[in-house]
Amino acid sequence: MHSCNGLLLWNVIPTSQPGPTSEDSRACHFRIHNPAMSDDQCVYLDYPVGDVDSPYGDDIFEPFELKAYLVFEPLKQPLSYKVILFGQMDPSVRYYGRRVEFKVLNPRIEIRLYSSETCGWSEVICNLPDGLRVTEGVYCNGAIHWFRLDHDNSVYFDTNRLCFDKLPAVPSVDDSCVKYFGECRGRLHLILSDTLEFDIWELEEDYSSWVARYRVNLNRMHDGESALWWNVSSNPFSVLSFVHRQEEEEENSKLVLFKNGKIMSYSLEDYGLRVLCKVYRDEVPRSIHQYFETLLCVGNS
C-alpha cells in the first residue's frame, strides 16, 4: 500500500472465486482509489509482465522484492498520476528464453513506470545505485528518497527526469541510527537517535543541506497531570510520523510514537503525551501512511 496526496494505491490479490470482487479486478494487481469518493470510482492496473522490453535478455518481471510508489501532485498535474515499481531481482537466476541458468550475479533493480496519460507501462533505464533497499523509500515532491547512514547510498529518484541523484550528508551522525525518515507538508524529516533527546533534521528545499529544525526532549513529557518517564534501554519506542501544522502565527508540531502496543501523539510545544489508540500487540506497525482528502475522481464516474 502507498498513499500520495489523497489517493491510495493497493495491491490486489487476483481471484477467480465468485464474490464481491469486481470482474475487472480479478486480472489486475494494483488498485488506485480515492477514499473520499465512491468505491466504484477506482482504477485497476495490470501487473507489467511480459509487456515491456528488457535490456537483460528476458521479457518477464518477477522480482523477489517489490515496492510500488504512487506519484500524484494535484497542484501541478491534477488530472494525471504515475505508479513506479522498484523490483529487486533475484541475483542468482538469469532467464534465457525458456532456459534457466543459475549464476552468481550482482543484485540488480528493475524499474517499471505506469502513466495515466499513456495508460501503459514502460521500463526505466538509468544508472542504479548500489545497496538500494527498494522497500524503504519515502515519496516527497516528485521524488522517491532513500536515506542511509552511509552517505554514498543516500539517494533520490526524480520521477520527472527518471534518474537518481545523491542526497546531502547529515552532520554529526556518529554512533547514530535511523529512528525516523519521512515526509510532512512537502519537506523531508529525519531522526538519528535511539535516546530520549534528539534533533529533527529537515532537508532544505533546494536539497543543499540538512538543518536541525527541532530539538526534542522526551524527558519533559507529561499526560496532563503528572510527568512521565520511559526506560528506553529495556523497552524502546518507535517514531511513526512527524506532523507539522502552521495555525495562524502558532506552530502545532507533533510526533506520533509507538510503545507497548499504544499509538500516541507527543506535542513539541507543551510536551503533552496523549494516547490515540491501542493496537493490542507489541510489534511496530509495518506500514504508516499520511492521508489528506482530495476531490480528484479516478476511474469511472
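Predicted model: local features only at pLDDT ≥ 70, side-chain atom pairs only at ≥ 80, totals over all residues.
How many of the 301 residues of the chain count as buried? The share comes to 45%.

The mean pLDDT of the chain is 79, with 76% of the residues at 70 or more. Going through the elements of the chain, you will find the highest mean pLDDT, 96, in strand β12 (residues 143-146), while strand β7 (residues 93-96) has the lowest, at 50. Two stretches call for some care. Over residues 16-26 the pLDDT stays under 50, and the model has 11 contacts there beyond four places in sequence. Residues 51-57 also stay under 50, and for them the model has 16 such contacts.

Now to the architecture. If you are searching for a helix, you will find zero; the chain has 22 strands. Contacts also reach across the sequence: of those between residues at least 6 apart, 46% join residues at least 24 apart.

Let us move to the interior. In soluble globular proteins, nonpolar side chains tend to be buried together. Here the largest nonpolar core has 34 residues, and I32, V83, F86 and W146 are those with the most contacts inside it. Leaving aside residues up to four places away in sequence, I32 touches L7, L8, L9, C42, V43, L45, L70, Y81, V83 and V298.

One of the neighbours of I32 is a cysteine, C42, and it counts as buried because its relative accessibility is 12%. What about disulfides? The structure holds zero of them. Take C140 as an example: its closest cysteine sulfur, in C184, is 9.5 Å away, which is too far for a bond, since a disulfide needs the two sulfur atoms within 2.5 Å. C140 is also buried, with a relative accessibility of 3%.

The aromatic residues have a story of their own. A pair of aromatic rings is described by the distance of the centres and the angle of the planes. The count for this structure comes to 13 aromatic pairs. In one of these, the ring centres of F30 and W121 are 6.4 Å apart and the planes are at 50°, so the pair is tilted. F30 belongs to strand β3 (residues 30-33) and W121 to strand β10 (residues 120-124), so this pair ties together parts that lie 91 residues apart in sequence. Both F30 and W121 are buried.

Another tilted pair is formed by F157 and F164, whose ring centres are 5.0 Å apart with the planes at 55°. F157 is buried at 0% relative accessibility, and F164 is buried at 15%. Ring pairs also link these two with Y69, F86 and W146 into a cluster.

Finally, look for charges over rings. The charged end of K67 sits over the ring of Y69, 5.5 Å from its centre, and Y69 is one of the residues in the aromatic cluster.

Conventions:
Residues numbered from 1 in each chain as written. Heavy atoms only, no water. Core = buried A, V, L, I, M, F, W, Y, C linked by side-chain atoms within 4.5 Å. Buried < 20%, exposed > 50% of the residue type's maximum accessible area, 1.4 Å probe, protein only. Contact = heavy atoms within 4.5 Å. Phe/Tyr/Trp six-rings, centres within 6.5 Å; stacked < 30°, edge-to-face > 60°. Helix = DSSP H or I, 4+ residues; strand = E, 2+ residues; numbered from the N terminus. Lys NZ or Arg CZ within 6 Å of the ring centre and 35° of its normal. pLDDT = per-residue confidence, 0-100.
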